[in-house]
Amino acid sequence: MQSLGELATVIPVTGSFTDYAARFVDESLSFALGWAYWYLWVTVLANEYNAISLVVMYWTDVVPQWGWILIFWAFFMGLSLAGILVYGEIEFWLSLIKVISITIFFIVAIFISSGVIGPQKIGFKYWDDPGAFADSINGVANTFVIAGTLYAGTEMVGITAGEADNPAKAVPRAIRQVFWRILIFYVGTMFFIGILIPHDDDRLLSAESKTAQSPFTIALSDAGLGAGASLINAVIVIAVISAGNSSMYVSSRTVLYMARNGKAPKLLGRVNKAGVPWVALLFSNLCACIAFLSVSKAAGAVYEALITLSGVATFIVWGTIELVHIRFRNGLQAQGQSVEDLPFKALWYPYGTYAALAANVFLIFFQGYTAFLNPFSATSFVISYILLPVFVILLVGYKLWNKTKWVKLAEMDIWTGRREGFGPVHDEPLPKKKGVFRKVKRIAVG
């Protein structure tokens, strides 16, 4: 995020890291990265269709799973066609609802764990039996791709920078907020879920599941808060709608950029009078229909496969962003430009950037090592690593077909897209009247 923040602040363009890859490395890398990023969000969208169909079936199974997927497919399509202003307004209110709900859950979880609410005092007993780490190191490896999928979207700040009024201030502020949002809402949620229910609860989603309950719902139900369980289930539906809405936005805008730059069919670049890329939206939503595979097979198995694919795609994208950042810094040096003139400088460069690149490469290979355990799982192996040869084929194929060349440092375009007035920019201190509540609001909902 620090690397992308530096790039997006100085060169805030709509194509973001896909554009940077073409300018700082090679057009072929931009092509492969763009399609990998689009695929990431299509699989995330398919995940959301699968997830929301399972969550809604907590209340009723009168409508089959495929019916719920079809209903929300049409709903997301209609929502996305409403335009960017509607998207932004809806995302604001959905985010506010999520933040308030998660905060209330944290408070209730403390009461449940301490025995104030519910039939028993739970404490940390589930960390002893069945244990805090399921399947030891193997479980940790499998969890990395889930974490990668859940954290996908943090890089969206780079895409929205091109539309920001003042990216020199907006982007660095958003980068800093990401850390606190992950720490409070992601890590905090996992902590409370981990102490309230055991990881081997039969009601959780597994590879054999056709339906499943969320861990939030299970925790509240076991504490005797049936009404609260239904309420939190509704909040989860809202959260999935928010994630699906974002998936439609990012996937369509990515393919729109690709189409306008000759890396996708021109048809996908068409927009309506309101500027909505309706062809790209329809194309992305149709591809997300892989979610219907969950009807013919165990929904849990399909969900796990989609999670793995999107997680690996996330690591590929993040690793490429680090590579692009390294090339950008090298280009600055080769062209005699001072790093001090950057409005935002990545923390701990170069060590942090190289460490992040190495970590993403490691995670790409480590996440699927359980496929090699006895007995060898061909299915898990293919799901875990199929994106690697596909990415290489896209890169090499585009390079050979279009005869693209590696960008030389001295010829690197580090100027196009900069806005006037760029130079060292420091955040102005907040007026004293902006208290703690104002700061919390900015971290929570932006």
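The legends below describe close-up views of a predicted model. Local features are given only where pLDDT is at least 70 and side-chain atom pairs only at pLDDT 80 or more, while totals for chains, interfaces and linings use all residues. Residues are numbered from 1 along each chain as its sequence is written, and side-chain values use heavy atoms, with hydrogens and water left out.

**View 1. The largest nonpolar core has 59 residues.** A nonpolar core is a set of buried Ala, Val, Leu, Ile, Met, Phe, Trp, Tyr and Cys residues joined through side-chain atoms within 4.5 Å, where buried means under 20% relative accessible area, exposed over 50% and partly exposed in between, with a 1.4 Å probe and protein chains only. Trp35, Tyr49, Phe72 and Leu196 have the most contacts inside this core. Among the helices that each supply at least two of its residues are H3 (27-56), H8 (167-196) and H13 (299-334), and the largest share, twelve residues, comes from H10. Helices (H or I, at least four residues) are DSSP runs numbered from the N terminus. Apart from this core lies another, of 50 residues, which includes Leu4, Val13, Val25 and Leu342.

**View 2. Helices H3 and H11 cross at roughly 60°.** Their axes, which are lines fitted to C-alpha atoms over the stretch in contact, with angles from 0 to 180 degrees between N-to-C directions, come within 8 Å. That makes H3 oblique to H11, because angles under 35 degrees count as roughly parallel, over 145 as roughly antiparallel, 65 to 115 as roughly perpendicular and the rest as oblique. On the H3 side the contact (heavy atoms within 4.5 Å) is made by Trp35, Trp38, Val42, Leu45 and Tyr49, and on the H11 side by Phe283, Ser284, Asn285 and Cys287.

**View 3. Tyrosine 49 touches Ile69, Phe72, Trp73, Phe76, Asn285, Ala288 and Ala291.** This list does not count residues up to four places away in sequence.

**View 4. Histidine 325 lies in helix H13.** With 0% relative accessibility, histidine 325 counts as buried. Leaving aside neighbours within four places in sequence, histidine 325 is in contact with Ser3, Glu6, Leu7, Ala346, Tyr349 and Thr353.

**View 5. Tryptophan 415 lies in the loop between helix H16 (387-402) and helix H17 (436-445).** Its relative accessibility is 44%, so tryptophan 415 counts as partly exposed. Although tryptophan 415 and isoleucine 11 are 404 residues apart along the chain, their C-alpha atoms are separated by 7.6 Å. Beyond its neighbours within four places in sequence, tryptophan 415 is in contact with Arg23, Gln335 and Gln337.
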